[in-house]
Every structure is written in structure tokens, then in C-alpha cells.
Amino acid sequence: MTDPISAPAAPAAAAFDPHALPPLRDVIARFGLEARKSLGQNFLLDLNLTGRIARSANLPAGTTAIEVGPGPGGLTRALLATDAVKVIAIERDRRFIEALQDVIEASQGRLSIVEADALTVDPEDLAPAPRAIVANLPYNVATPLLLGWLARIEAYVSLTLMFQKEVADRLVAKPGSKAYGRLSVITQWRSDARVLFNLPPRAFTPPPKVESTVVHLTPRANPEPADWRALEQVTAAAFGQRRKMLRQSLKSLGHAEALLEETGLAPTARAEEIDVAGFAALARAFRARHPLEPPSERAE
């Protein structure tokens, strides 16, 4: 990871005008910034839409906004127009770092660019609290990024993220629905998640084949007590054979009948019928039977 690129801070910054800079299409043409499918790039160039996303994050004054994959900078500009004290954009594609120099200069010290793969970066290392993540995520890495942030979501004011609609539906799905699964349980265990709005493919350049959805996630005040790894294991077993009854799908964990009896869950129930509290109870029962091994001592 390279050091952040930023401009010197000005003593008194004027309000940032996203429209004062060259149009995004001109920036793309000037620097030859064709979208790369291998990096999951689809550009959102309508500043009205990027402004809507930034405003919907509802960032408290003094918050640092962390963006992933700024591309030509549409959402970056919109975030600079909010009350965010600073914007830090993580970008792995060097082409865009050069193209964002005009935005850096116009930001009067509020914008920094970190050249890195977001999967290798801990946002907590980039800025002190309060911090929030606001991003139009590359779809090919959206889920692993989200899971990493959920594990420490208490470190953030909020996450305002754009996903494929299919993924967004899974995040907020309720028990009994076809979309309800492992991602639903883990997301709703750690956060309060709600859909804000959808964006059609035509809003992007190039247009993706799917509809997109912006989701807002805030840390859950009192999450059900459970161990992360244990919850991952029980949900993987349960949803890995979601059409089977729990007494069958949980066999790979060992002591399936005992786990269900201890948690009061019906052996004939299926994974999609169990709510977050039920899975947290299963995770606690499983961890009690399979304690984590202490780390081995390093040889002298």
C-alpha cells in the first residue's frame, strides 16, 4: 500500500461544488479511462445520482468518509460536498489516481487517495473515528469486502454501499423467503440494514446486466451474543443443504440432535425458517461443544 496522496490543507475551505470541475465524461475521454470488466468497473457519471448516494449516507459533521473504487470521481465529488471532514478514496487502478488530481487540488486538503487493493486495507488504519464507508462497490469483490467490515462494524458510523440488487435483497431478506441465507443472517446479526433505492443499468457507463441497489447499514446496538467463526460454521452447514431438515443438514457439525435440543429448535425445521436469534443460539451451543483452541506457543 502506498502513502496517501493529498493536497495541503487550506486554512478555510469554501463549500465544495461538484459541478465546478470538468464533466466526468470529459475526464474519461482525456485520460482514456475505459471501464475494465476484470476489475468490475461500471461508472456512475450522473452527479445528481452520486449526490443522492452521498446525502443518503447522512454523515455526521466531523466524520471521515472512506470510499472504495472512486474511478473518475463522481461519488468522490459528491462526498466532498457533504459535511465529511475528510474523504479517503482507495483505488487500485493507477489510471484513476492521475485523473483525480484535479479533485485533490479542488478539495483544499480534504481528499486523500490510497493506492491499494481494498481487500488488503483495514479502513480503521486510515482514519480515526468517527468514520463511515460510502462506496459504489466493484461487484466482483463486494461480498468479501462487506463481510470484512461487518466483523468490525462497531468501528463505523455506517456503511452506505451499492450492490447488485440480487445481493442487496439477500442482505435484508427475512426468514421464510428464497433470498434468506447465510449472508442475510450474518448481516442482520451485526447490523441494521435497509434498502434505500434502486438504480437501473442505464444509469451506468457501461451499463451492467443487472439492477443495482444502495443499502445503508448501521451497527446493531445489542447483537445476539455469538462467536463469528461458530456462526459461519453453523450457517454454512444449515444453508449448504437448505432443503433438508436441520437434524440432517447439521450432521456435519456433530451432535446435531443435541444442538437442536439445547437451543429449542425443531429438528424438522429448515434453515430458511430460523431467525438470527436461533442461529446465534446454535452458534453458542456449537462453540460450547467445540471451544476454540488456544494459540500455540512459539518456540524459543
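In which strand does asparagine 136 lie? Asparagine 136 belongs to strand β6, which covers residues 131-136, where helices (H or I, at least four residues) and strands (E, at least two) are DSSP runs numbered from the N terminus.

## Basis of the model

This is a predicted model, in which local features need pLDDT of at least 70 and side-chain atom pairs count only at pLDDT 80 or more, while totals for chains, interfaces and linings use all residues. Residues are numbered from 1 along each chain as its sequence is written, and side-chain values use heavy atoms, with hydrogens and water left out.

## Annotated site and pocket

An unreviewed UniProt entry lists Asn42, Leu44, Gly69, Glu91, Asp117 and Asn136 under "binding site"; UniProt positions follow the numbering used here, feature names are shortened, and annotations may be inferred rather than shown by experiment. Of these residues, Asn42, Leu44, Gly69, Glu91, Asp117 and Asn136 are included in the lining of the largest pocket. On a 1 Å grid over the protein atoms alone, a pocket is an open set of points where a 1.4 Å probe fits, with protein on both sides within 12 Å along at least five of seven lines, and lining residues have an atom within 4 Å of a point.

Asparagine 136 is buried, with a relative accessible area of 17%, buried meaning under 20% relative accessible area (1.4 Å probe, protein chains only). Leaving aside neighbours within four places in sequence, asparagine 136 is in contact (heavy atoms within 4.5 Å) with residues including Asn42, Leu44 and Met162. Glutamate 91, in strand β4 (residues 86-91), also counts as buried, at 5% relative accessibility, and its contacts beyond four places in sequence include Gly69, Phe96 and Ile113.

## A buried arginine

Arginine 110 is found in the loop between α5 (101-106) and β5 (111-115). Arginine 110 is buried yet has no salt bridge, and the nearest side chain of opposite charge, aspartate 83, is 7.2 Å away; a salt bridge would need a side-chain nitrogen of Lys or Arg within 4 Å of a carboxyl oxygen of Asp or Glu, and Lys and Arg count as positive and Asp and Glu as negative, with His and the chain ends not counted. The side chain of arginine 110 does, however, reach the backbone oxygen of leucine 80 at 2.6 Å.

## Helix α2

Helix α2 (residues 47-56) is largely enclosed by the rest of the structure, because 7 of its 10 residues are buried, among them Leu47, Ile53 and Ser56. At the start of α2, a side-chain oxygen of aspartate 46 reaches to within 2.8 Å of the backbone nitrogen of asparagine 48.

Conventions
Buried < 20%, exposed > 50% of the residue type's maximum accessible area, 1.4 Å probe, protein only. Polar contact = N/O pair within 3.5 Å; in protein donor to acceptor, adjacent residues only side chain to side chain.
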